[in-house]
Amino acid sequence: MERANKDQRRNYYFRFWLAVRTNRLLLYSKKEDWDRFDEVSTDIREFIEGEVDKRNAGYPVNINDLIWAAHDVGCCLLWSKKYSEARDMLQISIDLENKNHYAHFQLAVSIWASEKDREKTLHHLKIAQDDYIVDSYNYQDSYYPTFLETPEFSDVKDDPEFLKVLGQKLDGNEIS
């Protein structure tokens, strides 16, 4: 598949390389081919962790590629219900760049699904919600609809603390 990429410049090749691997993760997950899924997942997680180790040791790495990879792989792992692994990858992307509200939302999902840690989950939901509102042109927008549609949150969709973080009203009264 990599041979199909004619543009060998570093930034294009990396994005192609990453897209191939994330698509493989999604495909193998859908087919429930966990051996192949684990092989690709291990390969890409080792790459990401190696880049983090290089960065921590003071060697130059492409931070944007690293953030992109950790985020994309984290999301693929989450969608495949590999919550602990997703949590680790999403945390890397957030540690490198704390500006991605969607990464915070996905991290909240993976924390809730893997640990049921209320404090951490609410922390990341709050960041996701606040950053989303700042980035949005419509201040009525929120993560609330996505929260309701996320099966991992089904046990807390009426929880006052979760609703408050998402700026929702409870019994006609705004939660503050």
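## Close-up views of a predicted model

**View 1. Val73 and its contacts.** Beyond neighbours within four places in sequence, Val73 touches Leu18, Thr22, Leu25, Ile44, Arg45, Ile48 and Met89. The model is predicted. Val73 is also among the residues with the most contacts inside the largest nonpolar core.

**View 2. The largest nonpolar core.** This core has 42 residues. Those with the most contacts inside it are Ile48, Val73, Phe105, Leu125, Phe147, Phe153 and Phe162. At least two core residues come from each of helix 1 (10–31), helix 2 (34–56), helix 3 (63–79), helix 4 (83–96), helix 5 (101–115), helix 6 (118–135) and helix 8 (160–165). Helix 3 gives the largest share, eight residues. In soluble globular proteins, nonpolar side chains tend to be buried together.

**View 3. Cys75 and Cys76, without a disulfide.** The structure holds zero disulfides. Cys75 is in none; its nearest cysteine sulfur, that of Cys76, lies 7.2 Å away. A disulfide needs the two sulfur atoms within 2.5 Å. Cys75 counts as buried because its relative accessibility is 2%. Cys76 is buried too, with a relative accessible area of 2%.

**View 4. The protein as a setting for the close-ups.** The protein has eight helices and two strands. From the N terminus, the order is α-α-α-α-α-α-α-α-β-β. Of its 176 residues, 41% are buried. Among contacts between residues at least 6 apart in sequence, 50% join residues at least 24 apart. The accessible surface comes to about 10,400 Å², and carbon and sulfur atoms account for 47% of that surface.

Terms used
Residues are numbered from 1 along each chain as its sequence is written. This is a predicted model: local features need pLDDT of at least 70, side-chain atom pairs count only at pLDDT 80 or more; totals for chains, interfaces and linings use all residues. Side-chain values use heavy atoms; hydrogens and water are left out. Buried means under 20% relative accessible area, exposed over 50%, partly exposed in between (1.4 Å probe, protein chains only). A nonpolar core is a set of buried Ala, Val, Leu, Ile, Met, Phe, Trp, Tyr and Cys residues joined through side-chain atoms within 4.5 Å. Helices (H or I, at least four residues) and strands (E, at least two) are DSSP runs, numbered from the N terminus. Contact means heavy atoms within 4.5 Å. Accessible areas come from the Shrake-Rupley method with a 1.4 Å probe; for residues, only the protein chains shown count as cover.
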